[in-house]
Amino acid sequence: MRAHRFTLHRPATLDEAIALKAAFGDAAAFHAGGTELLVALKARVLRYEHVIDLKQIPGLKGIRVRSDGTLSIGALTSHDTIANDPLVRELLPGYAELSEQVANIRVRIAGTLGGVLCFAEPHADAPTLLCALDAWVVLAGPDGEREIPSRDFHLGEFTTARADDEILASIEIAPQSTGTRSAYRSFGHTERPAVGVAAVWSTDNPQRLSLWAGALSARPVCLERAQEAAAGLAPDLPAASVWEGLRAAVAADAADIDTHDDLHGGADYKRHLVSVLAQRALSACLPQP
Ligand SMILES: Cc1cc2nc3c(=O)[nH]c(=O)nc-3n(C[C@H](O)[C@H](O)[C@H](O)COP(=O)(O)OP(=O)(O)OC[C@H]3O[C@@H](n4cnc5c(N)ncnc54)[C@H](O)[C@@H]3O)c2cc1C
């Protein structure tokens with residue numbers, strides 16, 4: 001099927017893009033890589049008379065380290081660019097590894113980080129690790145810029161805290177201490193993950209774990225009991241003992257996750273996967289004997 005006819009706008013600045021959206025309102029949509037939007041337009045699930053392509057806007061693409069050490073990823077940066085970026089590989093190898101495994105090479109080259117966050121299809125990888133990393137997003141709109149923590153950005157399936165007239169400009173990740181390691185593990189039998197778990201383990205004093213599960217529910221979920229249990233573990237335990245100390249708490253957190261049977265698997269199966277993937281993500285963060 002073909003999409004309904006639309007007018008394509010290619011603004012050169014952020015202000016121009018925001019003004020176009022103000023002029024056309026609900027009849028216009030922003031376009032980044034188009035991997036979700038164009039499919040929905042062609043299937044006639046969505047219909048817009050105006051499409052505002054953000055790709056020509058300088059500053060929305062690329063990866064840099066700010067003066068305070070924050071890693072800033074432009075929203076229009078593709079998964080493939082993130083996977084191969086030397087800064088990401090050095091500072092957050094776990095995130096480069098995640099980006100390398102998104103979908104297939106065509107989606108990774110065209111699809112952007114901003115696109116996956118704004119579309120908010122739950123079967124995605126990056127949102128889960130960004131929550132675990134305490135990342136935040138920068139939104140630009142008619143009233144200027146505002147920041148939102150990643151963990152407050154997704155409100156439900158296909159729903160975010162972004163106002164309709166705001167453009168996601170960048171994703172920011174604070175510098176990680178030398179004692180902090182992060183990892184993401186996922187499993188699925190379609191191109192999208194059925195379940196993904198992200199762990200960020202810090203051996204600083206006090207020891208701290210950030211553990212999140214995603215894809216199986218409408219938005220990423222924090223495994224709070226496991227995080228509390230980790231804070232009470234003796235420092236420098238071997239990986240196997242860390243897992244023994246957390247296993248019951250992870251299973252209890254997983255049992256509470258609001259998920260359901262679907263094409264990606266049964267609810268109990270997905271909850272079981274949370275424990276399996278949490279163990280794998282954690283062991284990738286911990287020093288191996
Ligand atoms: C076959 C397939 C397999 C996939 N598998 C995976 C997977 O394994 N893991 C995974 O994480 N993801 C997966 N995805 C999702 C993929 O990551 C997204 O398709 C992609 O990142 C979306 O980015 P885009 O730039 O193409 O967004 P677009 O399609 O251009 O836009 C998507 C939506 O977001 C809005 N939007 C985009 N950018 C902005 C912005 N900067 N500001 C405001 N609004 C914006 C658009 O208006 C639109 O509503 C898969 C997708 C496909 C098609």
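Predicted model: local features only at pLDDT ≥ 70, side-chain atom pairs only at ≥ 80, totals over all residues.
**Exercise 1.** Work out which strands stand at the edges of the open four-stranded sheet.

*Solution.* Start with the strand order, which is β11-β12-β13-β14, with antiparallel pairing. Next, look at the two ends of that order: β11 (180-187) and β14 (221-222) each have a single partner strand, so one side of each has no neighbour in the sheet. Those two are your edge strands.

**Exercise 2.** Find out how β12 is tied to β11 and to β13, and which residues pair up.

*Solution.* Take the β11 side to begin with. Strand β12 covers residues 195-202 and pairs with β11 over eight bridges, in the antiparallel sense. Follow two of the partners: R181 goes with W201, and S182 goes with V200. Now switch to the β13 side, where seven bridges join β12 to β13, again running antiparallel. Here V197 sits opposite A213 of β13. Finally, check how the chain gets from β12 to β13: a hairpin of five residues links them.

**Exercise 3.** Decide whether the faces of β12 are covered or open, and say which helix lies across this strand.

*Solution.* Recall that side chains in a regular strand alternate between the two faces of the sheet. As for the helix, α10 (residues 224-231) lies across β12, β13 (208-214) and β14, and runs at about 165° to β13.

Methods. Residues numbered from 1 in each chain as written. Heavy atoms only, no water. Pairing = 2+ DSSP bridges. Contact = heavy atoms within 4.5 Å. Axes fitted to C-alpha atoms, helices over the stretch in contact; angles between N-to-C directions. Buried < 20%, exposed > 50% of the residue type's maximum accessible area, 1.4 Å probe, protein only.
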